[in-house]
Amino acid sequence: MAFLYNLFHYGLLVYAVSMLSCYIFLGTLAIVEAVKYLRRSRLTNYNLLASSPFAPSVSILAPAYNEGANIIENVRSLLSIYYNNLELIVINDGSKDDSMAKLIHAYQLEPVQLNYHQQLATKKVKSVYKSTNPVYSKLLVIDKENGGKADALNSGINLASNQYLVCIDVDCILEQDALLKLLKPFMDQTDNKVIATGGVVRIANSCVFKNGKLIDVNLPKDFLPRVQALEYIRAFLLGRMAWSNLNGLLLISGAFGAFDRQVAIDAGGYDHNTVGEDMELVVRMRRYMADRKIPYKVAFIPDPLCWTEAPASYKILGRQRNRWMRGTIETLSMHRKLFLNPKYGVLGMMSYPYWLFYELLAPIIEFTGFVIFLILAFMGYINWPFFAVLTAFILIFGWLFSTFAILMEVATFNQYKKRGELRKLILTAIVEPFLFHPFVVWSSIKGIWDLLRKKNSWGEMTRQGFNTAATEAPKA
Amino acid sequence: MTSTLSTVLYQLARFTSIELFFIAIGTLTTIIIALIGAILYIMLAKRNIAKQQAQLQQQFKYWLVSIILQEPDQQLQRFEVPDDIKPLLYRRFARKALLAELIRLKNDLSGQSGNNLIKLYNELQLDRLSAYDMRNGRWYDKAKGIQELAVMEQKAYIDEIYPLANHRHPMVRMEAQIALVCLQQYEGLSFFENLKYPLTEWHHIKLLQLLANHPIPSETIVNSWLNSSNPSVVQFALKLIAEQHATQFQNEVIARLSHPSDAVRNQAIACLGEIPSAPAATALRTHYSSESSKVLQLTILSGLVKTGTAGELPFLQELQLAPDESVRLAALKTIQHLQQQA
């Protein structure tokens, strides 16, 4: 009994220490990568890419489901992207609202007979529309039966004719030079083929937008979006930057990422059977390249490129985190062959084990630990002074990591520079372990439970809409 | 197994005394306080720098505007430095801010205004700052120094820049290559002869932009690039031919369809689309069956949209029977296009 108790006790300790060591290691790598990027970026004139006839051709894929309220402005924002060699494909994924009618009216769309090559299986495409107005010549709209985000993106890939795909959530707002920065790594490739690039997604709540453009950055006023702003800084500026340094990125945010079209098709496109389609595609593309022994790279841009609205209620946040957990489990389960498989290099030996132990298992271990703690406390087995010290240690380490992320933010892109914003961010970091983290763990556990019950819903994401500065009224 | 684990656990127990955690908590708390201090310091420093820069920009603004607007007949004399700016030029920070401002303006201005900025740069001996950076061991200073010398058209530094075109750091060699072309146009591309590294697509775009208004000076030089052992140089030459629609290189481009590199063949196909002719279409059609890459076969079919004529229709119609759907589709698109043209 004592042996089992010790095994549990010290097993958790070893797990926690290894996890904290990983965080320190990743933090260090992130600094190196961020400094390298900033130094390169200062010397680069990205505008060169926008007008060059030799810039790579890009198809932007924007799936939309029941986005009628903002679809016109969102598409207008995407059409205003400064890039020559571009087509924009909006996929209406069987919306039940008036999205399609609004698009037809506002952009003068007419059905066209296009040679649609069904390279990836999708639900039935009802029609493809093109605008009769030459101003919108870059726009193509697919109207299809509802099949989910992965299905919508696959039908977009089937229609796309350009070299690179940029997949974007239709309600995201992009920075002016976002596309140029996202595509630059493809232009820099030499020996390693760049198969995908991702950019930083930032929280748009409380920011001000005008005509689809960000004009004023604010730290979210409400607690939940604010704590997610901090979480995103930590995840993107520390986590993904570090994995990018190791060429071990497993995830490119579904909100904004670019892919080599041919590799994406050859790898089989988005998988319909998972709710974590963005992560799954990246893992599959990497696996495809590694299996064929083709040197490759997945690049990451630390600049804030894309702004999205974060859930502002616990209900919506819970659905999102539930889905993220299910997506992670599904992806890791589909690609379990990678686990500690030296054939896949960093992917198999580092990225996969990290995700398995510290992303997937962490909430399970945390939740189990909490339940066991309650039982032991009830039975009077807790060494309270030791418990207090251990809890303090873990809390302080968490705060240290958040403070370090804030330092990285201030030293690099420094988006929140208004009076009081930094103070609020630090205070948010202090209360996060009590008001936010337990909820995220609980939502993840619910996600695992839902997966076991084979409940596969996406989870509706209701949005409040962006703050918009006084501007002209929508046209439709 | 159990005894081993017990030993491990026993050893672990020795390292997990409560005192150890107190030390760890103390250390972490100290680090957090230090990090918060660093955050405040960086924030204040950034704010100060931004404020100083804005102040300096304001001070330089009217002076620089007057210099930009100076007429050519006033060129013989030196630009007068206003009394309030003279003391600033002894401060390194202010000199660097002025240099950054001049580079920014020069990037947007050409003609007489640009020349005035170069003259001021020379008069204030700001080239010394740029050259100092170029000679620095840190790659980012080196690259920045080279970039500034190129923007300010400092031909005196060409000999120093030339060896850097083969520097081990990609940013340094790219800036050096760009600088050489910026300063000498086609002559600057002589570094192709000794190029040890491949040029990236980004290099291509930048170099082509610099040469956009300069017609190809001699066929010999382009032919030597087309025969380079470095495939990225061959690709560059093909892009240059395409951009300048240099039809005189048609035969050489057609010959590149049998190049061993996929990237070169791809570029050759794209290039033939920019110098359309009957032999180009025939060459593409003939090459189609011998092309080993399916992707390039599809590129040929879409390339025929630009070079093809009604003469290609029987070949394309034959492809309508191909087992591969993507081939059939690509052929159909080209047929539709050629029929529309006809």
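What follows is a chat about the sheet, a helix pair and the chain contact in this model.

Q: Before we start, what kind of model is this and how is the numbering done?
A: It's a predicted model: local features need pLDDT of at least 70, side-chain atom pairs count only at pLDDT 80 or more, and totals for chains, interfaces and linings use all residues. Residues are numbered from 1 along each chain as its sequence is written, while chains are lettered from A and ligands numbered from 1 in the order in which they are written.

Q: OK, what's the strand order in the sheet of chain A?
A: The order is β3-β4-β5-β2-β1-β6-β11-β8-β12-β7 in chain A, an open sheet of ten strands with mixed pairing. Strands here are DSSP runs of E, at least two residues, and helices are runs of H or I, at least four residues, numbered from the N terminus. Two strands pair if DSSP finds at least two bridges between them.

Q: Which strands stand at the edges?
A: β3 (109-112) and β7 (173-174) of chain A; each has a single partner strand, so one side of each is left without a neighbour in the sheet.

Q: And is β3(A) parallel or antiparallel to β4(A)?
A: Antiparallel, over four bridges, with β4(A) covering residues 125-131. In one of those pairings, Leu109(A) has Ser131(A) in β4(A) as its bridge partner.

Q: Which helix of chain A packs on the sheet and touches β4(A)?
A: α5(A), residues 149-159, which also touches β1, β2, β5 and β6 of chain A. Contact means that C-beta atoms, placed from the backbone, lie within 7 Å. The direction of α5(A) makes about 150° with that of β1(A). Axes are lines fitted to C-alpha atoms, for helices over the stretch in contact, and angles run from 0 to 180 degrees between N-to-C directions.

Q: Switching topic: how do α10(A) and α11(A) cross?
A: Their axes come within 11 Å and cross at roughly 155°. α10(A) and α11(A) are therefore roughly antiparallel to each other, a label for angles over 145 degrees.

Q: Which residues meet there?
A: Thr328(A), Ile329(A) and Leu332(A) from α10(A) meet Trp355(A), Leu356(A), Glu359(A) and Leu360(A) from α11(A).

Q: Last one: how many residues are in contact between chains B and A?
A: 45 residues of chain B and 39 residues of chain A.

Q: Which element of chain B gives the most to that side?
A: α2(B), with 16 residues. Elements giving two or more residues include α1 (2-14) and α17 (325-341) of chain B.

Conventions:
Two residues are in contact if their C-beta atoms, placed from the backbone, lie within 7 Å. Angles under 35 degrees count as roughly parallel, over 145 as roughly antiparallel, 65 to 115 as roughly perpendicular and the rest as oblique.
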